[in-house]
Amino acid sequence: MVPNATPIYTPPYRRSLKESEILKNEVKEMLQHGIIEESKSPWSSGVVLIKKPDGSWRSCVNYRKINTITVTENWSLPRINDILDKLSGLVWFSTIDLKSGYWQVLMDTDSKEYTAFSTPFGPELCSLLDF
């Protein structure tokens with residue numbers, strides 16, 4: 001929540017032609033898969049590209065400026081020992097390898113405008129969808 005704040009707009013970051021092409025393809029794919037949508041939000045954060053250990057690229061939105069004015073909710077996380085105790089004696093376990101798991105986190109509709117990010121090509125601004 002960002003009560004009574006003036007919108008923060010960060011223009012697109014400067015990047016190489018190679019990085020621009022990677023980002024353009026990433027944004028195009030996310031639009032096609034319904035992960036992001038075009039936005040007219042007054043808020044905008046820049047996108048950075050991070051090289052993953054396997055050599056592929058991950059696009060990350062730099063929300064640090066917005067984070068400085070965000071009022072957070074505080075609650076304690078469960079202790080790992082308590083979680084492991086609850087699993088004691090169970091037989092079946094599974095793990096899930098979520099591709100791009102961050103994009104699968106539900107978002108409050110009122111928060112969407114704060115997730116807008118800017119790119120140097122259309123769509124001008126995009127924001128995360130709520131599922």
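K65 lies in helix α2. In this predicted model, K65 touches I8 and T10, with residues up to four places away in sequence left out of the count. K65 also sits 8.0 Å from S45, C-alpha to C-alpha. The two are 20 residues apart in sequence. Helix α2 spans residues 64-67 and has the highest mean pLDDT among the elements of the protein, at 93.

A second residue was compared with S45. T119 is found in the loop between β4 and β5. The C-alpha atoms of T119 and S45 are 9.3 Å apart, although 74 residues separate the two in sequence. T119 has a relative accessible area of 1%. T119 is therefore buried, since that value falls under 20%.

The protein as a whole contains three helices and five strands. Along the sequence, these elements follow the pattern α-β-β-β-α-α-β-β. The protein has 131 residues, and 30% of them count as buried. Contacts between residues at least 6 apart in sequence were also examined. Of these, 71% join residues at least 24 apart. The protein exposes about 9900 Å². Carbon and sulfur atoms supply 56% of that area.

Helix α1 covers residues 17-32. The helix has 16 residues. From first C-alpha to last, α1 reaches 22 Å, close to the 22 Å expected at 1.5 Å a residue. Five residues of α1 are buried: S20, I22, L23, V27 and M30. Viewed down the axis of α1, the buried residues fall within an arc of 160 degrees, so they line one face of the helix. An α-helix has 3.6 residues a turn, so residues three or four places apart point the same way. The face of α1 turned away from the buried side carries the exposed residues L17, K18, K28 and Q32. After α1 comes G34, with a positive phi near 75 degrees.

S20 illustrates the buried side of α1. The relative accessible area of S20 is 18%. This value is under 20%, so S20 counts as buried.

Aromatic rings were examined next. The count comes to one aromatic pair. W43 and Y114 form this pair, and the geometry is edge-to-face. The ring centres lie 4.9 Å apart, with 80 degrees between the planes. The pair links distant parts of the chain, as W43 and Y114 are 71 residues apart. W43 is in the loop between β1 (36-38) and β2 (45-51). Y114 is in the loop between α3 (80-87) and β4 (117-118). W43 has a relative accessible area of 3%, and is therefore buried.

Confidence was considered last. The mean pLDDT of the protein is 83. Of its residues, 85% reach 70 or more. Strand β5, residues 125-128, has the lowest mean pLDDT among the elements, at 56. Where pLDDT is low, the predicted coordinates should not be read in detail.

Terms used
Residues are numbered from 1 along each chain as its sequence is written. This is a predicted model: local features need pLDDT of at least 70, side-chain atom pairs count only at pLDDT 80 or more; totals for chains, interfaces and linings use all residues. Side-chain values use heavy atoms; hydrogens and water are left out. Helices (H or I, at least four residues) and strands (E, at least two) are DSSP runs, numbered from the N terminus. Buried means under 20% relative accessible area, exposed over 50%, partly exposed in between (1.4 Å probe, protein chains only). The expected span of a helix is 1.5 Å times one less than its number of residues. The arc is that of the directions from the helix axis to the C-beta atoms. Rings of Phe, Tyr and Trp (its six-membered ring) pair if their centres lie within 6.5 Å; planes under 30 degrees apart count as stacked, over 60 as edge-to-face and the rest as tilted. Contact means heavy atoms within 4.5 Å. Accessible areas come from the Shrake-Rupley method with a 1.4 Å probe; for residues, only the protein chains shown count as cover. pLDDT is the predictor's confidence in each residue, from 0 to 100.
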